[in-house]
Amino acid sequence: MKKVENKLKEKLNNKEFIAKSQCVIRLLMARLEIINMELSVNLKRDVIQSKTGRLKSYKSTCKKLNKKGLERSFSAAAENIHDLIGVRGVCSYVDDIYLVQKMLEEQQDINILKIKDYIKHPKESGYQSLHMILEVPLVFQGETQWIKAELQLRTAAMDYWANLDHQLRYKKEDSQGREAAIDQELKKCAEIVEYLDQTMLEIRKKIEKI
């Protein structure tokens with residue numbers, strides 16, 4: 001088992017794997033930038049406020065494999081963990097998220113494998129975001145390879161909640177039996193975030209009609 005785990009760590013830290021992953025991140029972020037520029041011409045405003053990308057750490061990868069009941073091997077991670085390579089786009093409004101999704105689905109050089117809509121169907125915790133599992137073609141050292149990545153699209157309010165929830169999640173384990181109450185409070189905050197996003201969207205639409 002230890003040998004398999006060491007192999008996983010070695011693969012995740014492999015220079016070629018990291019280089020290819022960074023290239024995929026740059027390709028997706030460039031695609032988001034182009035989409036934002038195209039939409040901004042028609043809408044007269046930015047649709048995507050910010051973009052970030054990251055590689056999943058060895059520790060996070062192991063944690064997710066454990067949660068899925070899978071062995072800590074690179075093959076298991078590559079096949080079952082869709083966000084080893086992750087890109088996040090933060091949009092201005094909820095409807096902007098679906099505009100970006102539509103434009104990505106129309107790209108002929110991107111394969112959309114799966115969409116998880118946690119905006120229309122939030123997680124039990126209150127988490128909201130649109131996840132797109134996709135493949136992009138990468139030409140690397142003369143060879144074309146389709147590489148899987150996860151793109152998350154959310155509003156600034158959703159992003160704020162998700163980032164703080166992620167930080168607090170580790171502290172909740174030391175809360176001595178108060179996890180349920182804390183989870184309930186975080187879920188209420190998520191409901192406020194949803195209300196804020198919908199209200200801001202309605203205000204924008206009213207202004208556009210004037």
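Reader: So, K20: buried or exposed?

Author: K20 is buried, with a relative accessible area of 15%. Keep in mind that this is a predicted model.

Reader: Okay, and which side chain does K20 meet in a salt bridge?

Author: That would be E16, with N and O 3.1 Å apart.

Reader: Is E16 buried or partly exposed?

Author: E16 counts as partly exposed, at 38% relative accessibility.

Reader: What about E33, which residue does E33 form a salt bridge with?

Author: E33 pairs with K51, and their closest N and O atoms are 2.9 Å apart. E33 lies in helix α2 and K51 in strand β1 (residues 48–55), so this pair ties together parts that are 18 residues apart in sequence. E33 is partly exposed at 32% relative accessibility, and K51 is partly exposed too, at 25%.

Reader: And R204, which side chain does that one meet in a salt bridge?

Author: R204 meets D95, at 2.7 Å from N to O. Since R204 is in helix α7 (residues 179–209) and D95 is in helix α5 (residues 94–105), the bridge ties together parts that are 109 residues apart in sequence.

Reader: How accessible are those two, R204 and D95?

Author: R204 counts as buried, at 11% relative accessibility. D95 is partly exposed, at 22%.

Reader: How many salt bridges does the count come to?

Author: The count comes to 14 salt bridges. There's a network as well, linking R54, K56, K64 and D83.

Reader: Switching topic: which residues gather in the patch of positive charge on the surface?

Author: K59, K63, K67, K68, K114 and K123. Helix α3 (residues 58–68) gives the most to that patch, with four residues. K68 is in helix α3, and K68 is partly exposed with a relative accessible area of 44%.

Reader: Which residues form the nonpolar patch?

Author: L196, M200, I203, I207 and I210 form that one on the surface, with about 530 Å² of accessible area together. L196 is found in helix α7 and counts as partly exposed, at 43% relative accessibility.

Reader: And the charges overall, how far apart are the mean positions of the positive and negative ones?

Author: They are 4 Å apart, for 38 positive and 31 negative charges.

Reader: Let me ask about D159. Where does D159 lie, and in which helix?

Author: D159 lies in helix α6, residues 156–172. At 15% relative accessibility, D159 counts as buried. Leaving out residues up to four places away in sequence, D159 touches R88, V90 and R154.

Reader: Now Q145: which residues is Q145 in contact with?

Author: Setting aside neighbours within four places in sequence, Q145 is in contact with K20, V136, P137 and L138. Q145 is in strand β5 (residues 143–155) and is partly exposed, with a relative accessible area of 32%.

Reader: How far is Q145 from L12, C-alpha to C-alpha?

Author: Their C-alpha atoms are separated by 18 Å, while the two are 133 residues apart along the chain.

Reader: Zooming out, how many helices and strands are there?

Author: Seven helices and five strands. From the N terminus on, the elements run α-α-β-α-α-β-α-β-β-β-α-α.

Reader: What does the C-alpha trace span along its principal axes?

Author: About 65 × 55 × 20 Å.

Reader: And what share of the residues is buried?

Author: Buried residues make up 38% of the 210 in the protein. The accessible surface comes to about 12900 Å², and 53% of that belongs to carbon and sulfur atoms.

Reader: Last one: what share of the contacts comes from residues 24 or more positions apart?

Author: Among contacts with a separation of 6 or more, those residues account for 65%.

Notes:
Residues are numbered from 1 along each chain as its sequence is written. This is a predicted model: local features need pLDDT of at least 70, side-chain atom pairs count only at pLDDT 80 or more; totals for chains, interfaces and linings use all residues. Side-chain values use heavy atoms; hydrogens and water are left out. Patches are made of residues with over 30% relative accessible area and no salt bridge: like charges are joined within 9 Å, nonpolar side chains (Val, Leu, Ile, Met, Phe, Trp, Tyr) within 5 Å. Accessible areas come from the Shrake-Rupley method with a 1.4 Å probe; for residues, only the protein chains shown count as cover. A salt bridge is a side-chain nitrogen of Lys or Arg within 4 Å of a carboxyl oxygen of Asp or Glu. Lys and Arg count as positive and Asp and Glu as negative; His and the chain ends are not counted. The place of a charge is taken as NZ of Lys, CZ of Arg, CG of Asp or CD of Glu. Helices (H or I, at least four residues) and strands (E, at least two) are DSSP runs, numbered from the N terminus. Buried means under 20% relative accessible area, exposed over 50%, partly exposed in between (1.4 Å probe, protein chains only). Contact means heavy atoms within 4.5 Å.
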